[in-house]
Amino acid sequence: MSIPRLQHLWIQAHQRLLQGLALVLPFPRSKLLVGAGSSRQMANELRSRGWRHPLLVTDRTLMQLELPRPLQDALDAAGMSYALYDRVPENPSLTSVEAGLQHFRSQGCDSLIAVGGGSVIDCAKGIAARAGNPWLPLSRMEGLFRVLLPPRPLACIPTTAGSGSEASIAAVFTDPHANRKLAIADLKLIPRVVAIDPLLMLGLPPAVTAAGGMDALTHAVESYIGRGGTPFSRRKAIAALRRIAVWLPHAYRRGDDQAARLQMALAANDAGQAFSRTNVGYAHAIAHGLGCHYGIPHGLANAMALPFVLRWSKPACIEQLASLARALELGGTDETAPLLAERFIAWIEALNRQLGIPATAASLRSGDIPAISRSVLQEAHPGYPVPRLLDQASCEALLRRLLPAAAIIEAATDQH
Ligand SMILES: [Fe+2]
């Protein structure tokens, strides 16, 4: 069943409105501390801003790996007190935000420092938003620009290169009662200070590096091909993509390569700034569905979904895909846009193979596809600026391409 004409027009009007907003809204810019050891500089930076007693938000694994240690030592050396909340789970839920908020209040904190990946940073954003809006539950902040009062000030030290959460206006949580993701997005959620310290990323295992890097790549690509692009977002997306193309294979092969880690962290930050202006696309909606149903890591699910989403979208964004191919010098200068667009998609597939990312999702069950498709369309319409709309049938067909070969044969047999 195709999308009714009226709904189609409504989605397009919504996309245009968001594009207009992205051009005129005053996006705040975080102060960036960049380079090896920059996480230590955070203490003096925060003290000079008058932050008194921050809540350090992180998780148990990172504490065991002692990644917050340089910051903790620097806070001690600067004579700055802080409280610790290290219970952020792998996928932060509304419950874990409330637990962190309790800690923030009971410890008399006035600000927050997140040290971790996207989950930790999102949880810290949730705590900051709740602390600034005590009567407003996160469920009532869901959507765009619904964080009423300023959150408590937040600083971030990312320990992975992928989510770009340290640069974005968004935070995503699981709602344990509804088995779904809940996203809040507001300019006020952009952190005040960010330290990009490659030393904290040297020990990441290759699979985590690959998934994070492909998440950042998906942010850049979906931002670039979406209808909501601005000159700024397109510049940032291209900058991110060029860095990823050169440095992700290095960071994957040699995790201790400091230069590769720094370049990937900068790429993730650029991609985060790009998608904050435009939002993402269907690959993300599918990744959220696969994450909710099967626990497939976000970056991995994005990487698997992206080539299929781009092949679907191609008729409506050939020029954009060709521009991305040209930015990476993937073809000859005299090649046609359709050929360049195909080269770009093939390049992503080859990069996936190079990073050991499977082409299909082994845990995907054909019986779940209708429900996942419904959640994809519900998430993406009307807020994602996708160049070509999916309806229920085309979304199911697209998801079936992610089934492993054995499951496709099984599904075909069932239908006969
Ligand atoms: Fe993402």
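**Before you start**

This is a predicted model, in which local features need pLDDT of at least 70, side-chain atom pairs count only at pLDDT 80 or more, and totals for chains, interfaces and linings use all residues. Residues are numbered from 1 along each chain as its sequence is written.

**Stop 1: the two domains**

Colour residues 23-201 as domain 1 and residues 205-404 as domain 2; these bounds come from an automatic or database domain assignment. Taken over C-alpha atoms, the centres of domain 1 and domain 2 are separated by 26 Å. Their contact draws 20 residues from domain 1 and 27 residues from domain 2, where two residues are in contact if their C-beta atoms, placed from the backbone, lie within 7 Å. On the side of domain 1 that touches domain 2, there are ten nonpolar, seven polar and three charged residues. Here Ala, Val, Leu, Ile, Met, Phe, Trp, Tyr, Cys and Pro count as nonpolar, Asp, Glu, Lys and Arg as charged, and the others, Gly among them, as polar.

**Stop 2: helix α2**

Select residues 38-48, which form helix α2. Helices (H or I, at least four residues) and strands (E, at least two) are DSSP runs, numbered from the N terminus. Which residues of α2 are buried? They are S38, S39, R40, M42, A43 and L46. A residue is buried if 20 or more other C-beta atoms lie within 10 Å of its own, exposed if 12 or fewer, and partly exposed in between, with C-beta atoms placed from the backbone. After α2, click on G50, whose phi is positive, near 85°.

**Stop 3: helix α12 and its surroundings**

Move to residues 318-327, helix α12, and show Q320, L321, A322, L324 and A325, its buried residues. Their cover includes α7 (206-225), α8 (231-253), α11 and α13. E329, which follows α12, has a positive phi near 55°.

Next, bring up α7 beside α12. The axes of α7 and α12 come within 9 Å and cross at roughly 135°; axes are lines fitted to C-alpha atoms, for helices over the stretch in contact, and angles run from 0 to 180 degrees between N-to-C directions. α7 and α12 are therefore oblique to each other, given that angles under 35 degrees count as roughly parallel, over 145 as roughly antiparallel, 65 to 115 as roughly perpendicular and the rest as oblique. The crossing of α7 and α12 is right-handed; a crossing is left-handed if the near helix is turned anticlockwise from the far one by less than a right angle, and right-handed if clockwise. To see the contact, show V221, Y224 and I225 of α7 with Q320, L321 and L324 of α12. These residues divide into five nonpolar, one polar and no charged.

α12 and α13 pack at about 65°, with axes 7 Å apart, and their crossing is left-handed. From α12, I318, E319, L321, A322, L324, A325 and R326 meet A337, P338, L340, A341, R343 and F344 of α13. That contact has ten nonpolar, no polar and three charged residues.

**Stop 4: α11 against α13**

Select α11 (residues 298-313) and α13 (residues 337-354), which pack at about 165° with axes 10 Å apart. The two helices are therefore roughly antiparallel to each other, with a left-handed crossing. The contact is made by A303, L306, P307, L310 and R311 of α11 and I345, I348, E349 and N352 of α13.

**Stop 5: single residues**

- K236 lies in helix α8. Is K236 buried or exposed? K236 is buried, with 27 other C-beta atoms within 10 Å. Leaving aside neighbours within four places in sequence, K236 is in contact with D270, Q273 and A274.
- E66, in the loop between α3 (60-64) and α4, has a positive phi of about 60° although it is not a glycine. E66 is exposed, with 9 other C-beta atoms within 10 Å.
- H381 and P382 are joined by a cis peptide bond with omega about 5°. P382 lies in the loop between α14 (369-380) and α15 (392-400).
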